[in-house]
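Work through the exercises below with the model open beside you. Try each task before reading its solution.

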Amino acid sequence: MTTPDRSPVKVGLLTAASLVVANMVGTGIFTSVGFQVEYLDSPFALLMLWAVGGIISLCGALTYGELGAALPRSGGEYHLISELYHPSLGFIAGWISSTLGFAGPTALAAIAFGDYTTAVFPSLSSTHLAAGIVLLCSAIHATSITWGSWFQNVFTALKVLLILVFVGAAVQADPTHSITVAPDGNGLNELVSSGFAVSLVFVSYAYAGWNAAIYIVGEIRDPQRNLPLSLVLGTALVTVLYVLLNFVFLYTVPAQEMAGEVEVGFLAGSVIFGTAGGEVMSLFIALLLVSTVSALVYLGPRVTQAMGEDAPALRWLAVTNDRGIPVNSILFQLGLALLFIYTSTFDQVLVYAGFTLILSTMVTVAGVFVLRWRRPEIDRPYKTWGYPVTPLLFLAANAWILVYVFLDRPTESLIGLSIVAVGAALYFASQWGAPDEAPASEPRP
């Protein structure tokens, strides 16, 4: 299959890697720590949580690099699973990506943006601020790929810079408590506890986005080289930033004060810079979240666009303007995100989105074995480093997470599975009355 030349404008390694970083660093890191300390007491276990999450994500990124370079078409899991297994499974994966992979996280990042902004300006409406930032980013990315790329790169660079300043300033802080990150008996026991597994769902959500560049393969220059590089470099950088940030949170704010709180960055900023400085830091974090919303608005519509190219009933989602931008798909994701913003609670979406996205990425990573078995002759510009250990480690770790999450949070897990079922029903409904011919992404023998 050739890569559709959707747009005359192509993005390079910098933009592809910045999308990975921007898509990862956002809601999860600045909001989920307060939920993790409800399960874990040991600073050692909490830091290991983020290191383990980074290793798992890096294993996934290494595997996705091979799949994306061998099957270079935009659409992410929708395209890959359609090619590797069957179009019906690909459609379900695309449905998951569109709803929980992009629209849901867009809403969460926007909600966090509103919460951090209203921490400084309480008279404003957090919900309306969240809706407004999604509308702004959608308007920019619906107008121009070039301007959208510049917007994305600038806010991502600002994001990394502010995180480094935040970490550096923490060294001068005078916290009211002390911690030790050395391993002890309690910390080692927590590494194999159910609480560690459940907390990894929050961490996995925070790392979600390590596969971001896979969604725009068709718009990347020299994708066989730049796609794997962008995935691995972006994931490695974010892993380092996450461990440093979590050390700062634990160093500056007592765990009992963080428990259940969303605005952890505000709490840490207040200790580091004082009350006024905490408000400034809260605004800085709100700016960081703009980059996350922007990346999600940029990437998500490429999934629904690819679905529209293959499913006759969804053809309207594939419509582009004269600049090659899928405007209808952007509007569709905008509508879903606004629905989440005005109807959902934060932690529920976090758990059932994380649970369902792990399922989708596991099926995709397992596809590297399918691809090597079914199509050994295909050109592989990049091969998974550490194969077969790296994909097997990814699959084993995520299976362990899913089992414990289902046992601990069955309601949210069943919501996630019900969304999968809705996707299956929509696929068969979209095929009703369609011509009896193989879709464009039918797997090859």
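A disulfide is a pair of cysteine sulfur atoms within 2.5 Å. The model used throughout is predicted.

**Exercise 1. Cysteines**

Task: Find how many disulfides the model holds by this rule, and classify Cys 59 and Cys 137 by accessibility.

Solution. 
- Step 1. Apply the rule: the count comes to zero disulfides.
- Step 2. Take Cys 59. Its relative accessibility is 6%, so Cys 59 counts as buried, the limit being under 20%.
- Step 3. Take Cys 137. At 0% relative accessibility, Cys 137 is buried too.

**Exercise 2. Salt bridges**

Task: State how many salt bridges a search of the whole structure finds, then work out which residues form a network through shared partners.

Solution. 
- Step 1. The search finds three salt bridges.
- Step 2. One of them joins the side chains of Arg 372 and Glu 66, at 2.8 Å from N to O. Arg 372 belongs to helix 15 (residues 346-374) and Glu 66 to helix 4 (residues 43-70), so this pair ties together parts 306 residues apart in sequence.
- Step 3. Check the accessibility of both ends. Arg 372 is partly exposed at 23%, whereas Glu 66 is buried at 0%.
- Step 4. Glu 66 also forms a salt bridge with Arg 380, with the closest N and O atoms 3.3 Å apart. Arg 380 sits in the loop between helix 15 and helix 16 (389-408), 314 residues from Glu 66 in helix 4. Arg 380 is buried, with a relative accessible area of 14%.
- Step 5. Glu 83 and Arg 375 form a salt bridge, their closest N and O atoms being 3.2 Å apart. Glu 83 lies in helix 5 and Arg 375 in the loop between helix 15 and helix 16, so the pair ties together parts 292 residues apart in sequence. Glu 83 is buried at 5%, and Arg 375 is buried at 7%.
- Step 6. Look for shared partners. Glu 66, Arg 372 and Arg 380 are joined into one network.

**Exercise 3. Helix 10**

Solution. 
- Step 1. The buried residues include Phe 196, Leu 200, Phe 202 and Tyr 207.
- Step 2. Look just past the end. Gly 209 follows helix 10 and has a positive phi, near 125°. Most residues other than glycine have a negative phi.

**Exercise 4. Aromatic rings and the core**

Task: Count the aromatic pairs in the whole structure. Then describe how the rings of Phe 166 and Phe 249 are arranged, and do likewise for Phe 196 and Trp 400.

Solution. 
- Step 1. The search finds 13 aromatic pairs.
- Step 2. Phe 166 and Phe 249 have ring centres 6.2 Å apart and planes at 55°, so this pair is tilted. Phe 166 is in helix 8 (residues 145-170) and Phe 249 in helix 11 (residues 223-252), 83 residues apart. Both are buried.
- Step 3. Phe 196 and Trp 400 have ring centres 6.3 Å apart and planes at 40°, so this pair is tilted as well. Phe 196 is in helix 10 and Trp 400 in helix 16, 204 residues apart. Phe 196 is buried at 3%, whereas Trp 400 is partly exposed at 29%.
- Step 4. Ring pairs also link Trp 50, Tyr 207 and Tyr 242 into a cluster.
- Step 5. Turn to the largest nonpolar core, of 129 residues. Phe 30, Trp 50, Tyr 242 and Phe 249 touch the most other members. Helix 13 (residues 264-310) gives the largest share of this core, 18 residues.

**Exercise 5. A peptide bond**

Solution.

How values were computed. Residues numbered from 1 in each chain as written. Predicted model: local features only at pLDDT ≥ 70, side-chain atom pairs only at ≥ 80, totals over all residues. Heavy atoms only, no water. Buried < 20%, exposed > 50% of the residue type's maximum accessible area, 1.4 Å probe, protein only. Helix = DSSP H or I, 4+ residues; strand = E, 2+ residues; numbered from the N terminus. Salt bridge = Lys/Arg side-chain N within 4 Å of Asp/Glu carboxyl O. Core = buried A, V, L, I, M, F, W, Y, C linked by side-chain atoms within 4.5 Å. Phe/Tyr/Trp six-rings, centres within 6.5 Å; stacked < 30°, edge-to-face > 60°.
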